[in-house]
Amino acid sequence: MIADPWAGLDPSRLLGLFRRMVEIRLFEDEVMRLFNENLVRASTHLCQGQEAVVVGACSALAGGDMMSCTYRGHGAVLAMGAPLDRSMAEILGREAGLCRGRGGSMHLTDVSVGAMGSFAVVGAHLPFSCGTALAAQQLGTGAVSLCFFGDGATNIGAFHEAMNLAAVWKLPVIFVCENNLYGEYSPIAATTPVTELTTRAASYAMTAERVDGNDLLAVRRAVLRARESAAGGKGPTMIEALTYRHMGHSRSDPATYRPEGELERWKRRDPIALFATTLEEHDEIGAPDVADARAAAEAAVAEAVDRAVAWPEPDPAERFDDVWANA
Amino acid sequence: MRGETVTYREAVIGALADELDADPAVVLIGEDVGAAGGVFKATAGLFARFGGDRVRDTPISEQAIVGTVLGAAVAGLRPVGEIMFADFAGVCYDQIANQLAKYRYQTGGQATVPATLRLSGGGSLGFGAQHSQCVENWFLNIPGLHLFVPGTPADAYTMLRAAIRCDDPVLVFEHKALYSLRGELRDESDTPAFGRAEVVQSGSDVTVVATQLMRHRSAEAAELLAADGISVEVIDLRSIAPLDVDTVLESIKRTGRLICVQESPGPGSWGEALVAQVAVRAFELLDAPPSLVAADPIPLPYAKALEDATIPSVKSIAEAIRHTLSS
């Protein structure tokens with residue numbers, strides 16, 4: 001399957017993944033627009049440019065697998081199959097939101113599709129993913145846990161504790177580092193003495209692989225290999241996906257620290273454009289199919305945003321709900 | 001184990017064994033909890049009886065322990081993590097305060113978190129400032145955590161079992177100076193209600209509220225004063241979250257006087273909180289100002305003479321009671 005140039009995907013799934021990438025891009029553009037209209041509170045961390053990592057990686061998972069991610073997590077949660085409208089509603093703080101408006105942009109969670117949480121303290125969810133993996137191992141479900149994190153997380157203690165524990169217990173975890181070259185405002189070289197983050201895995205005797213994070217099929221293949229290994233009892237893998245965020249760290253960051261021309265260079269390697277070009281090489285996919293998928297994505301996002309904006313805010317009287325399971 | 005006379009340590013082991021026996025989803029994890037049986041021998045024999053998959057030794061990685069407990073709880077286990085010395089909660093404070101306590105609420109109640117942490121706290125044994133604290137107060141103003149402080153073998157047994165069966169996170173603070181204390185376990189029918197305080201002994205002149213080691217010192221002080229005809233009611237809170245203010249108020253209706261006795265310093269503690277609540281809710285019941293007998297506000301010193309002077313003693317508690325009665 002892995003030798004297949006289409007990584008085991010038929011035309012319909014290929015176009016489906018393309019559509020999801022476009023939906024994530026447009027969703028993030030809409031979050032930015034709504035933010036500028038003061039409909040999104042506080043801050044928001046967008047992932048335009050990183051869509052191939054999350055869509056490619058999540059495409060390699062099986063039903064029952066569990067994913068956790070960071071506060072730059074809209075794309076990852078959508079890649080697991082969370083609905084566009086309820087995801088946007090959460091970011092807008094609406095009752096119909098995935099988390100009933102209790103979480104917001106940084107905490108999108110949809111347990112029903114295996115999106116187990118977006119964590120807003122850097123690195124905090126790597127131990128969490130060890131826990132979901134331990135449960136799967138102990139209960140014999142065969143599920144694998146996939147954990148997305150950024151390059152910045154590789155310098156925090158929880159990263160090292162989780163990598164070590166996962167390796168020593170051979171937990172079925174796939175650690176996917178989205179290396180977008182900047183930890184908040186700082187270029188990676190200013191904060192990290194190694195440039196290839198996969199070298200970090202070596203100290204935990206963990207298999208590691210570096211892939212082009214803007215190439216959806218390359219990411220998918222790497223995660224398929226890691227999944228097979230984890231499900232086979234061989235323990236965790238670290239994957240470093242090289243990518244780039246088109247926007248700043250958060251809404252207050254115009255990203256003026258980037259060297260001239262860097263953004264433009266990466267935009268020439270836009271993951272959506274790259275995948276569109278790749279798809280057009282497929283014997284059974286033509287340019288109209290790609291255009292149709294793009295149009296379907298545009299319509300879906302527009303409808304979802306309209307619905308989400310119209311939904312009501314939560315009732316303040318219900319704010320005490322769900323602190324406890326047993327109230 | 002019901003009805004037997006055992007040590008506090010044996011009660012802990014018995015509660016863990018009975019829950020491991022009752023529910024295959026229960027798993028213990030922690031540093032040296034397995035083959036070594038725990039540094040306080042509070043998990044002795046469980047590794048041999050239940051095996052290394054269910055009684056798991058971890059690396060010295062408190063963040064990984066707590067994060068794993070959270071993830072495992074969300075994904076179907078009923079894990080019990082051990083933080084060897086409660087003071088090490090400082091190492092994993094984010095995992096407890098930001099992750100474990102908030103997961104359920106932040107996700108709008110999408111999952112339950114049946115997680116238990118056992119932490120061994122308390123002084124009087126000369127372990128110095130970083131291995132002797134009663135750190136339960138560190139968590140007092142974080143919604144989402146139950147905080148249990150059992151002070152007898154009977155409570156160690158029933159409260160640990162209740163914690164493991166609870167579908168919300170519970171931190172159970174064991175007191176390391178009480179592990180060898182002997183006492184009788186309750187009959188099944190006598191299991192206390194969740195979070196309820198215990199009236200240890202009835203009295204009519206003053207209400208003394210304490211936990212763990214201070215409960216025993218307060219009871220001794222009460223015995224001394226009884227010789228002088230002073231009648232002291234001693235209440236053991238057993239849980240500081242929930243905090244059973246009602247039982248305390250009922251007592252004050254009879255005594256008109258309140259003294260809280262705690263092993264940790266005063267600022268930001270349950271003792272201060274209880275004094276404040278009683279003042280707010282029952283000012284008119286008080287015949288004298290409520291008072292707090294607490295540790296001196298200094299890091300707990302090592303030398304016996306210094307440590308003994310720092311935390312409340314039978315003598316200092318008795319003096320405080322006399323003082324309150326004279327005002």
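I started with strand β3 (residues 145-150) of chain A: 6 of its 6 residues are buried, so the strand is largely enclosed by the rest of the structure. Buried here means 20 or more other C-beta atoms within 10 Å of the residue's own, with C-beta atoms placed from the backbone. Strands (E, at least two residues) and helices (H or I, at least four) are DSSP runs numbered from the N terminus.

I note that this is a predicted model: local features need pLDDT of at least 70, side-chain atom pairs count only at pLDDT 80 or more, and totals for chains, interfaces and linings use all residues. Residues are numbered from 1 along each chain as its sequence is written, while chains are lettered from A and ligands numbered from 1 in the order in which they are written.

**Around β3(A)**

I checked which way the residues point. Ser145(A), Cys147(A) and Phe149(A) point one way from β3(A), and Leu146(A), Phe148(A) and Gly150(A) the other way. In a regular strand the side chains alternate between the two faces of the sheet.

Next I looked up the pairing (at least two DSSP bridges between two strands). Strand β1 (residues 66-70) of chain A runs parallel to β3(A), joined by 3 bridges. Met67(A) has Leu146(A) as its bridge partner in β3(A). With strand β4 (residues 173-179) of chain A, β3(A) pairs in the parallel sense over 6 bridges. Phe175(A) in β4(A) stands opposite Cys147(A).

**Helix α2(A)**

I then turned to helix α2 (residues 51-59) of chain A. Here 9 of the 9 residues are buried, so the helix is largely enclosed by the rest of the structure. Among them are Glu51(A), Val54(A) and Cys58(A).

**Chain A against chain B**

I looked up the contact (C-beta atoms, placed from the backbone, within 7 Å). It takes 36 residues from chain A and 36 residues from chain B. On the chain A side, β2 (115-119), α5 (125-139) and α6 each supply at least two residues. α5(A) gives the most, with 11 residues.

**Domains of chain B**

Chain B is divided into domain 1 (5-190) and domain 2 (198-326); the bounds come from an automatic or database domain assignment. Their centres, taken over C-alpha atoms, are separated by 26 Å. I found 24 residues of domain 1 of chain B in contact with 24 residues of domain 2 of chain B. On the domain 1 side, β6 (146-148) and α6 (153-165) of chain B give two or more residues. β6(B) provides the largest share of that side, 3 residues.

Terms used. A residue is buried if 20 or more other C-beta atoms lie within 10 Å of its own, exposed if 12 or fewer, and partly exposed in between; C-beta atoms are placed from the backbone. Two residues are in contact if their C-beta atoms, placed from the backbone, lie within 7 Å.
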